[in-house]
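Visitor: I am new to this structure and would like to be guided through it. May I put some questions to you, one at a time?

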Amino acid sequence: MKTDIQIAQEARMEPIVRIAEKLSIPEEELELYGKYKAKISDTALEQAGNRPKGKLVLVTAVNPTPAGEGKTTTSVGLGQAFGKLGKQAVVVLREPSLGPCFGLKGGAAGGGYAQALPMEDLNLHFTGDFHAITAANNLLAAILDNHIHQGNALHIDPARVVWKRCLDMNDRVLRNIVVGLGSRSDGVVREDHFVITVASEIMAVLCLAEDMEDLKERLSRMVVAYTYTGEVVTAGELEAVGAMAALLRDALKPNLIQTLEHTPVLVHGGPFANIAHGCNSVRATKAALHLADYVITEAGFGADLGAEKFFDIKCRMAGLSVDAVVLVATVRALKYNGGVPKEALGEENKKALSVGIVNLEKHIENLQKYGVPVIVTLNSFVTDTDEEIAFVRAFCEERGCEFALSQVWEKGGEGGVRLAERVLHTLETKESRFCPLYDVTLPVPEKIEIIAKEIYGAKDVSYTGNAEKQIRMLEEQGYGDLPVCMAKTPYSLSDDPALLGRPEDFTVTVREVYVSAGAGFLVVLTGSVMTMPGLPKYPAANRIDVDASGQITGLF
């Protein structure tokens, strides 16, 4: 059986200018990064806004398991399947982070015969967007520390610097560091921290900005520190905005690539969904809606994280409305939630399936709370039995969901035709009455508790003393009317990764709350979630290599 990278390397790609033609983007409006990648110019994005608006389909999933669910594979395959049916579609994805690519998860280009190409480029440096975000983030950190060293005219309290440095790599030893050691000329000694680039507020700002003017306004609002008297200090006050915007100029433009079957793919931005808002850029999504009749996009991790934030943060801020949701599940994932160990997931076990399917049930209920039609797709594995598939189908249909088996990993677009037909049927026959889950004017604890109880199924929410103090301070500073971005483990509906299935009678613990004023939301850290991941004992990086001809192996 061929690996994903072998399939990708054997594929015949179309020149990116031909892919752009499918979206009526002329070659002169492309900024080429070689033969198969391009950025779309601001002029093309503005012109696209005058065209009719297409339908928006969100792809989400059950809670991820070690067996893998195939959300990106499904998104890519669904886009290819629309092409098989003669429909004009575009897939809109996030850019992969180097951290998980070299860590445990691997890349994020899809899999099998439903991949975005060029796969190696996408999973590695791509067009340099993440490097630009990292540079802008760390430039701000350098300007801040230099301001303190050079007289501290803003009276910044070194003990209350909240802006962190970042790196797009899983590196646990950088979570908590000390800077300024050495002589007096080496700066002020203070504790500092690193986050992974995808958790940087600049990543969120870039993904939520409408244009350069909006980007600069958001950068200016970012809170970097507090004074000795507790006043907010922003990036604007440090006069860092212009230089950061210059670094981000090209990164603000969406990237165009293609699938194995030459379906256009816009890839832009990549905030994690467990520690950030988990969606590709507003610019890419809005552009896609005017470039094609059908837009297939995805949100990170399970629906409890990615979809919730797509609805309550991205859609709210950007004025977007979702027309239908595809919820990805696998028989293997549901059996895992039913207590079956990873090594036994290929064996038929209808009892475990009936126990673990409650995880899927909760996600269906959650999505329906937003007023959107739901199509459940079962990502097919060769070990699935007819009885197991029939059980899941009946379960979904009893709950008012369309259902389709997906075989896109094995068959590409042809394997997703049944799913595409169900999506089209839903779009034609069911009206979306999309609305966010909560009112942003509610008190901060009430917004947190609505998500914890309605989406996670928690019995209660507890707050550390520090979190309670932070909430009071943020409300006093005028940030109380912002939506909340929950940082939580993706592996469970709860904040405890060990609680599988559909946990009940649990309490979510909020340990920290801070403002991302530029992004426009409050970040709520729960449980033990980390904003700088670490590498596993045997990282994926150990298997990656490149031969004398420059061919990469081991990437997945």
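Guide: Please do; bear in mind throughout that this is a predicted model.

Visitor: What is the residue that follows α16 with a positive phi?
Guide: Helix α16 runs over residues 386–398. The phi of the residue in question is positive, near 80°. The residue following α16 is G400.

Visitor: How far does α16 reach from its first C-alpha to its last?
Guide: Helix α16 has 13 residues. At 1.5 Å a residue, the expected span is 18 Å. The model comes close to that expectation, with a reach of 18 Å.

Visitor: How wide is the arc that the buried residues of α16 cover around the axis?
Guide: The buried residues of α16 are E388, I389, V392, F395 and C396. They lie on the same side of α16, because the arc they cover is only 130°.

Visitor: Which exposed residues does the face of α16 turned away from its buried side carry?
Guide: The buried side of α16 packs against α13 (331–337), α14 (350–356), α15 (358–368), β18 (374–379) and β19 (402–406). A residue counts as exposed when its relative accessible area is over 50%. On the face turned away from the buried side, the exposed residues are D386 and E398.

Visitor: How far apart in space are R332 and D386, C-alpha to C-alpha?
Guide: R332 is found in helix α13, and its contacts, leaving aside neighbours within four places in sequence, are A67, L345, G346, F381 and T383. R332 and D386 are separated by 54 residues in sequence. In space, their C-alpha atoms are apart by 14 Å.

Visitor: Is R332 buried or exposed?
Guide: The relative accessible area of R332 is 16%. The cut-off for a buried residue is under 20%. R332 is therefore buried.

Visitor: Are α4 and α18 roughly parallel or roughly perpendicular?
Guide: Helix α4 covers residues 71–84 and helix α18 covers residues 417–429; their axes are 8 Å apart. The two helices pack at an angle of about 80°. Angles of 65 to 115 degrees count as roughly perpendicular, so α4 is to α18 roughly perpendicular.

Visitor: How many of the residues in the contact of α4 with α18 are nonpolar?
Guide: From α4, the residues T74, L78, A81, F82 and K84 take part, and they meet V417, L419, A420, V423 and L424 in α18. One residue of this contact is polar and one is charged. The number of nonpolar residues is eight.

Visitor: Which elements are included in what covers the buried residues of α18?
Guide: The buried residues of α18 are V417, L419, A420, V423, L424, T426 and L427. What covers them includes β3 (55–61), α4, β16 (294–298), β17 (324–329), β18 and β19.

Visitor: What is the relative accessible area of Q80?
Guide: Q80 lies in helix α4. Among the residues that Q80 touches, not counting residues up to four places away in sequence, are Y113, T259, E261 and G412. Q80 is buried, and its relative accessible area is 1%.

Visitor: What is the relative accessible area of H277?
Guide: H277 lies in the loop between β15 (264–267) and α11 (282–291). Not counting residues up to four places away in sequence, H277 touches several residues, including A204, C207, K309 and F521. H277 is buried, with a relative accessible area of 0%.

Visitor: Within what arc do the buried residues of α10 fall?
Guide: In α10 (residues 241–248), the buried residues are V241, M244, A245 and L248. They line one face of the helix, because seen down the axis they fall within an arc of 100°.

Visitor: Where does F126 lie?
Guide: F126 has a positive phi of about 50° although it is not a glycine. F126 is also buried, with a relative accessible area of 9%. Its place is in the loop between α6 and α7 (129–149).

Visitor: Is the peptide bond from L117 to P118 cis or trans?
Guide: P118 has its place in the loop between β6 (114–117) and α6 (119–123). The omega of the bond from L117 to P118 is near 0°. That peptide bond is cis.

Notes: Residues are numbered from 1 along each chain as its sequence is written. This is a predicted model: local features need pLDDT of at least 70, side-chain atom pairs count only at pLDDT 80 or more; totals for chains, interfaces and linings use all residues. Side-chain values use heavy atoms; hydrogens and water are left out. Helices (H or I, at least four residues) and strands (E, at least two) are DSSP runs, numbered from the N terminus. The expected span of a helix is 1.5 Å times one less than its number of residues. Buried means under 20% relative accessible area, exposed over 50%, partly exposed in between (1.4 Å probe, protein chains only). The arc is that of the directions from the helix axis to the C-beta atoms. Contact means heavy atoms within 4.5 Å. Axes are lines fitted to C-alpha atoms, for helices over the stretch in contact, and angles run from 0 to 180 degrees between N-to-C directions. Angles under 35 degrees count as roughly parallel, over 145 as roughly antiparallel, 65 to 115 as roughly perpendicular and the rest as oblique. Ala, Val, Leu, Ile, Met, Phe, Trp, Tyr, Cys and Pro count as nonpolar, Asp, Glu, Lys and Arg as charged, and the others, Gly among them, as polar.
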